Amino acid sequence: MMLPVIKGRVAWIFPEPNFDIDLIVGVSNIKIKDVEVLKSVCMKDYDSSFINKVQPGDLIIGGENFGYGHPHYPAFIALRALGISAVIAESFAPGFYRGETSNGFPLIECPDILNYVARWDVLTLDWEQERINNENSGVSLRCLPIPQKTKDLVKHGGILNYLRANRLSESKS
């Protein structure tokens, strides 16, 4: 089992520190469970045509402490359903990081990323070298070391699949 290829366009940049992810779908929508409804309200307050522009594999870029606040899941249920494949941010709020990596979603910390990307740039993550390459500008940025546990959770698609593959197979031996 291999880590997923992370290569996509920068669909949106949230430069502000302490960005509350609930704003992606709107605080009034955080109790909605219907994926289609969540997709329809996703990013409406930022770009009303976002859902028509985003493509599978696209990326979100964030500033410091991205995901601050209560780590509710509807915003990222919507973004995943629209095809967002990863978030690259200068840093993440710990609760958000734990929750989304446990779901197998790639969250990559890359200090100064905001200074080197623009919307619609194409970025590639090199998991082995822990580098983000901007294919538009040619800039290559070093990420913070990606913990092996995070890589394992992403590789397996979340904690449940990770436990099935590792813990259940150990108990059968």
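**Aromatic pairs and the fold around them**

Searching the whole structure gives 14 aromatic pairs, where rings of Phe, Tyr and Trp (its six-membered ring) pair if their centres lie within 6.5 Å, with planes under 30 degrees apart called stacked, over 60 edge-to-face and the rest tilted. One of these is the edge-to-face pair of Phe-14 and Tyr-46, at 5.3 Å centre to centre with 90° between the planes. Phe-14 lies in strand β1 (residues 6-14) and Tyr-46 in the loop between α1 (35-41) and α2 (50-53), so that the pair links distant parts of the chain, 32 residues apart. Phe-14 is buried at 0% relative accessibility, whereas Tyr-46 is partly exposed at 29%; buried stands for under 20% relative accessible area, exposed for over 50% and partly exposed for in between (1.4 Å probe, protein chains only). Both residues belong to one aromatic cluster, which also includes Trp-12, Phe-19, Phe-66 and Phe-105.

The model is predicted: local features need pLDDT of at least 70, side-chain atom pairs count only at pLDDT 80 or more, and totals for chains, interfaces and linings use all residues. Residues are numbered from 1 along each chain as its sequence is written, and side-chain values use heavy atoms, with hydrogens and water left out.

The protein chain has six helices and seven strands, in the order β-α-α-β-α-β-α-β-β-β-β-α-α from the N terminus. These elements are DSSP runs numbered from the N terminus, helices being H or I of at least four residues and strands E of at least two.

For the chain as a whole, the radius of gyration is 16 Å, which agrees with the value near 16 Å for a compact globule of 173 residues. That radius is taken over C-alpha atoms, and the globule rule is 2.2 Å times the number of residues to the power 0.38. The C-alpha trace spans about 55 × 40 × 25 Å along its principal axes. Buried residues make up 46% of the 173. Of the contacts (heavy atoms within 4.5 Å) with a separation of 6 or more, 66% are between residues 24 or more positions apart.
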